[in-house]
Amino acid sequence: MSRLVECVPNFSEGNNQEVIDAISQAVAQTPGCVLLDVDAGPSTNRTVYTFVGRPEDVVEGALNAARAAFRLIDMSKHKGEHPRMGALDVCPFIPVRGVGMEECVLCAQAFGQRLAEELGVPVYLYGEAAQMASRRTLPAIRAGEYEALPEKLKQAEWAPDFGPSSFVPSWGATVTGARKFLIAFNINLLSTKEQAHRIALNLREQGRGKDQPGRLKKVQGIGWYLDEKNLAQVSTNLLDYEVTALHTVYEETCREAQELSLPVVGSQLVGLVPLKALLDAAAFYCEKENLFILEEEHRIRLVVNRLGLDSLSPFNPKERIIEYLVPDGGPEQSLVDKSLHAFVREVGARSATPGGGSVAAASAAMGASLACMAGLMTYGRRQFEHLDTAMRRLIPPFHAASARLTALVDADAQAFTACLEAMKLPRSTPEERDRRAAALQKGLRQAVTVPLELAETVASLWPVLRELALCVNLACRSDLQVAAKALETGMFGAYFNVLINLKDISDDKFKDQIRQRISSLLQEAKTQAALVLDRLEERQE
């Protein structure tokens, strides 16, 4: 898995295209950095850049962007709707893949120190990188904004974490830190700025102060007016979308607006968004409206429609969802992205991977997909209309399992590769031998975990497969028969792969538990597959 950190610097320039492009170029030309998005706001006079790379690369990218801004932005002339205190106002580092929050804290510290030393500007640490509780939140540090800095910097409690305590008029001050993925989400209103701000005060966690907190945890908010769009916005930052979700912010804003007889006319996402945030919203609307939508593409389209994400500009998921922009697996194409012809050839090549584990996962994935197909060939047809409710319940488990099992095709190959890498570690000294042994045991456990997950996933499908066999469109009988045998084959593959990797694991208790579990799952698979086949054979045309 590639190590990936996201950096989202916010620069105080949203109108001068030459400046915006110069900063973009500074990032894009940094080796190892991939510039994903540039979102400029004329009214806010602010541009949000999003780029990713290895931890050390994104620090260099941020520094290169800051150097360009130092030459081109003069904060003494800046005006805009968005709160700000510096030319590079805030520069957070966010873990995306293969890194933890601790490593992002180190990125922020390295960036802040080097920025302060090279440009001679004040730098504050916030979020997970904050060195004192009073500086954890960005609004607390930014209170008073740029205009308050000359006096603020004279106060001992506001001495910067890096750099001088002197005011730099052309720059102001910069805040950097580490945080979870922040979603900048604005809801459009045909209202005044004051009405939008009133709603923001009711919703944001801070509320109107300690005595009047708002309703939504981990949400920041403000109301403003966009002259270029001729509408107001409740502008929010979701600090943790798993605590307060996108759809929650939107629905609560709609409720507040309705009480004031104000129309909500869509919304806007600034920068990128995690896929899960949109899929969580899709799940909410599917449940709320009793909708039956399986495909990820369709679920995202539903959310774009319900939230009005394309109200101000087109919303292209391929350009706005971070997982779509930065696929896992690095430069090499994953097994599941290959054509069937190429995959089969690679299985037959003279290499250890992909092997039986990947083939077992592929077989099980196709079995789940066939069952899904048989259900869909029953659902929505007039002659089977009485089965629609049952199909809505029976189809989703196969659809979800197919996705999980498909992912295991690559996961199995990666687990085996990790074992091979551990075996190559040096073993000249006792310390090296210990490290090699520990790495090998870790790799073997992972090599057991992947096929065991395959087996558990298949096991979860037998009850729904039995029920589907009783009512499925009989034109799909042979498809469901093949599905049952493909799932059983996947289980056999999982069983053999678990056993071969268990034999070199040193933990006897672990080995006994896993051996008993996988043997039980295999026996159950034999029984259940036979039951499904019998039920299908017994049904009359």
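A residue counts as buried when its relative accessible area is under 20%. Asn 45 has a relative accessibility of 9%, so Asn 45 is buried. Keep that cut-off in mind, for it returns throughout this tour. The model itself is predicted.

Start with the whole protein. It has 541 residues, and 51% of them are buried. Its secondary structure comes to 18 helices and 11 strands. Along the principal axes, the C-alpha trace spans about 80 × 70 × 45 Å.

Next, find the open sheet of 4 strands. Its order is E9-E10-E8-E11, and the pairing is antiparallel. Which strands are at the edges? They are E9 (residues 219-226) and E11, and each of them pairs on one side only. From one strand to the next, the twist averages 20°.

Take the sheet pair by pair. E9 and E10 pair in the antiparallel sense over 8 bridges. Within this pair, Trp 224 stands opposite Gln 233 in E10. The two strands form a hairpin with 4 residues between them. In that hairpin, Asn 230 takes a positive phi near 60°. E9 is an edge strand, yet it is mostly covered, with 6 of its 8 residues buried. At E8 and E11, the antiparallel pairing runs over 5 bridges. There, Asn 186 has Gln 268 in E11 as its bridge partner.

Now turn to helix H9, residues 296-307. At 1.5 Å a residue, its 12 residues should span 16 Å. The C-alpha atoms at its ends are 17 Å apart, which agrees. Which residues of H9 are buried? They are Ile 300, Leu 302, Val 303, Val 304 and Leu 307. After H9 comes Gly 308, with a positive phi near 65°.

Most residues other than glycine have a negative phi, and most peptide bonds are trans. Asn 45 is not a glycine, but its phi is positive, at about 50°. This residue sits in the loop between strand E3 (34-41) and strand E4 (46-53). Asn 290 is another residue other than glycine with a positive phi, near 55°. It lies in the loop between H8 and H9. Is Asn 290 buried or exposed? Its relative accessible area is 57%, so Asn 290 is exposed. Asn 45, by contrast, is buried at 9%.

The peptide bond between Thr 353 and Pro 354 is cis, with omega about -5°. Pro 354 belongs to the loop between helix H12 (340-347) and helix H13 (356-376).

Finally, look at the aromatic rings. Rings count as a pair if their centres lie within 6.5 Å. By this rule there are 9 aromatic pairs. In one of them, the ring centres of Phe 492 and Phe 496 are 6.2 Å apart. Their planes meet at 35°, so the pair is tilted. Why are these two residues about one helical turn apart? They are 4 residues apart in helix H17 (residues 477-502), which means a separation of about one helical turn. Phe 492 has 26% relative accessibility, so it counts as partly exposed.

Lys 152 lies over the face of Trp 158, 4.3 Å from the ring centre. The charged end of Arg 445 sits over the ring of Phe 510, at 4.1 Å from its centre.

Definitions and conventions:
Residues numbered from 1 in each chain as written. Predicted model: local features only at pLDDT ≥ 70, side-chain atom pairs only at ≥ 80, totals over all residues. Heavy atoms only, no water. Expected span 1.5 Å × (residues − 1). Buried < 20%, exposed > 50% of the residue type's maximum accessible area, 1.4 Å probe, protein only. Pairing = 2+ DSSP bridges. Axes fitted to C-alpha atoms, helices over the stretch in contact; angles between N-to-C directions. Phe/Tyr/Trp six-rings, centres within 6.5 Å; stacked < 30°, edge-to-face > 60°. Lys NZ or Arg CZ within 6 Å of the ring centre and 35° of its normal.
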